[in-house]
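Here are my notes from going through the model, point by point. Keep the structure open next to you while you read.

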Amino acid sequence: MSSSDRTCCGVVEEARIRAHDRRAQKPQPWIVLKFAVGLTLALIAYTSYVYVTFCRDMIVKNENSLGSPTMGIVFLVVFSFLLFIVLWSYLAVVTTPPGYPAQFLEKTVLEQPLHPPPQQPATFDETRGISFELMTPAADPPPSNSVPMTPPAVPETTKQDKVSQSTFYYQGSSTPGEAHIIDVPADPESAHVPDPAPHLSHENFHDPSSDASSRMFARRPSTTPILVSEYRFCNKDKIIKPPRTHHCRACGTCVLKYDHHCPWVGHCVGAYNHKFFVNFVQWASILSFWMFATVLGLNIKSQTRSSTAINPQHIVLLALTALFGLFCCLMFLTQMQLIMLNQTTVESLGFRSMQEREQDNLARMHRWYDCGAKKRTKQAWDKEWGRIGKEGNLWWLGSRRANWESVMGKNVWWWFLPVGRGLEDGVDFPTNPRFDKQGRWRRRREWPSDLQ
């Protein structure tokens, strides 16, 4: 390829990258954000029309009816009640913003280095506002590519103390426009420096009793101080984000207790509308399965008595309600599990990543068939640190009931109706005492005595 061709290709590639960066910096247009809302309402309207026609034929004793008038009235009454709750829940989640801290927090200027790190290309590690099934947790950023920042004033220390001090680094986070401060030391009494990984010989690589193997593959939780305010700086909104807040690129702003961006509701699911989203998927799954079961049951019964053709609209209704009902049911079960663990969807990806790393370590420590040794090693890790999703969760409140009430409220009726709100304000969250003041997981021996 000639030099001119390479230059031309380079110009085209540079233009493509610049265009991608410009699009990445802008939130999605309003019509794009709300398109799926209109599509959802259209689907609800069409399936409702088909089902009402299905019930009307039975009530008026049409020749195409599949049941008695009494059955038609009962089906229509149940359907009307479920449809009302679904529309009520959907209206609540669509019209209730998730909470935008940029609207009430003052902008902050964070001192940045003269030569900031180069802009990294966008990856799926970023919180783009895409479906959360496509997102992966971002690992702790390595300090090797970071640029030092001026640390805050600290008391005078001895020469030996200075050796263990860390440096503040400004670094682009997994979320675009967010600054991360990494390697900030914890309190002296809770600080822990992992032992250097020893070299393993071939003989003791699979020996679980080897000290070298135990130290090499010990559980090593993240040392990122996520409660340090500088770590939560958002370079887009110029604010110090509250805990559990993330910047959504689709919405173009930070979202309190960001769970995921849901195109079906036109914005993010966060602190103030999380409860309503759970109510919606709960009742939507019930309505979908009710429509699917009644239409399918009567059509099967009709086919056993005569060979009349099935109404094509009933086939379309069955397909739509089956898909929508299955999707909403799985979403509801997933959200219910995460709420009881006091995890958001984004946070659960981090726990999943840690569990996958431990499975990989277990595979390196033990042979594939030695399940008993793997189980004992994992139990030893849990004895030293606690369980990953519970004791190792910074936001664990001590019980599943307390976690559930923090989102859904204490009133049992609120668990099923789109009214009320949870116990959280989206800004301040109680923390797990098993973590230090900077949000890092401590060993069991460092926990408060009543928790050991």
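1. Let's start with Gln 343, which sits in the loop between helix 7 (312-340) and helix 8 (345-365). Bear in mind that this is a predicted model. Is Gln 343 buried or exposed? Its relative accessibility is 7%, so Gln 343 counts as buried. A polar atom of its side chain lies 3.4 Å from the backbone oxygen of Gly 389. Leaving out residues up to four places away in sequence, Gln 343 touches Arg 244, Leu 338, Ser 348, Phe 351, Gly 389 and Asn 393.

2. Now the chain as a whole. You'll find ten helices and nine strands in the chain. Of its 452 residues, 43% count as buried. Take the contacts between residues at least 6 apart in sequence: 67% of them join residues at least 24 apart. The chain exposes about 24900 Å², and carbon and sulfur atoms supply 61% of that area.

3. On to the cysteines. How many disulfides does a search of the whole structure find? The count is zero. Take Cys 248: the closest cysteine sulfur to its own belongs to Cys 268, and because the two are 3.4 Å apart, they are too far for a bond. The cut-off for a disulfide is 2.5 Å between the sulfur atoms. Cys 248 is also buried, with a relative accessible area of 0%. Cys 55 is buried too, with a relative accessible area of 0%.

4. Which residues of helix 9 are buried? They are Ala 373, Thr 377, Trp 381, Asp 382 and Trp 385. Those buried residues pack against helix 8. Just after helix 9 comes Gly 386, with a positive phi of about 105°.

5. If you click on Phe 277, look for its contacts with Val 93, His 260, Cys 262, Val 265, Val 269, Met 331 and Gln 335; residues up to four places away in sequence are not counted here.

6. After helix 10 comes Gly 409, with a positive phi, near 90°.

7. Zoom in on Val 407, which lies in helix 10. Val 407 has a relative accessible area of 8%, so it is buried. His 274 is 133 residues away from Val 407 along the chain, yet their C-alpha atoms are separated by 7.4 Å. Leaving aside neighbours within four places in sequence, Val 407 is in contact with Lys 257, His 274, Lys 275, Ile 339, Arg 421, Gly 422 and Glu 424.

8. Finally, two lysines worth checking for backbone geometry. Most residues other than glycine have a negative phi. Lys 61 has a positive phi, near 60°, and lies in the loop between helix 2 and helix 3. Lys 257 has a positive phi as well, near 45°, and lies in the loop between strand 7 (253-255) and strand 8 (260-262). Which way does each go, buried or exposed? Lys 61 is exposed, with a relative accessible area of 65%, whereas Lys 257, at 5% relative accessibility, counts as buried. Recall that Lys 257 is also one of the contacts of Val 407.

Key: Residues are numbered from 1 along each chain as its sequence is written. This is a predicted model: local features need pLDDT of at least 70, side-chain atom pairs count only at pLDDT 80 or more; totals for chains, interfaces and linings use all residues. Side-chain values use heavy atoms; hydrogens and water are left out. Helices (H or I, at least four residues) and strands (E, at least two) are DSSP runs, numbered from the N terminus. Buried means under 20% relative accessible area, exposed over 50%, partly exposed in between (1.4 Å probe, protein chains only). A polar contact is a pair of N or O atoms within 3.5 Å; within protein, one must be able to donate a hydrogen and the other to accept it, and residues adjacent in sequence count only if both atoms are side-chain atoms. Contact means heavy atoms within 4.5 Å. Accessible areas come from the Shrake-Rupley method with a 1.4 Å probe; for residues, only the protein chains shown count as cover.
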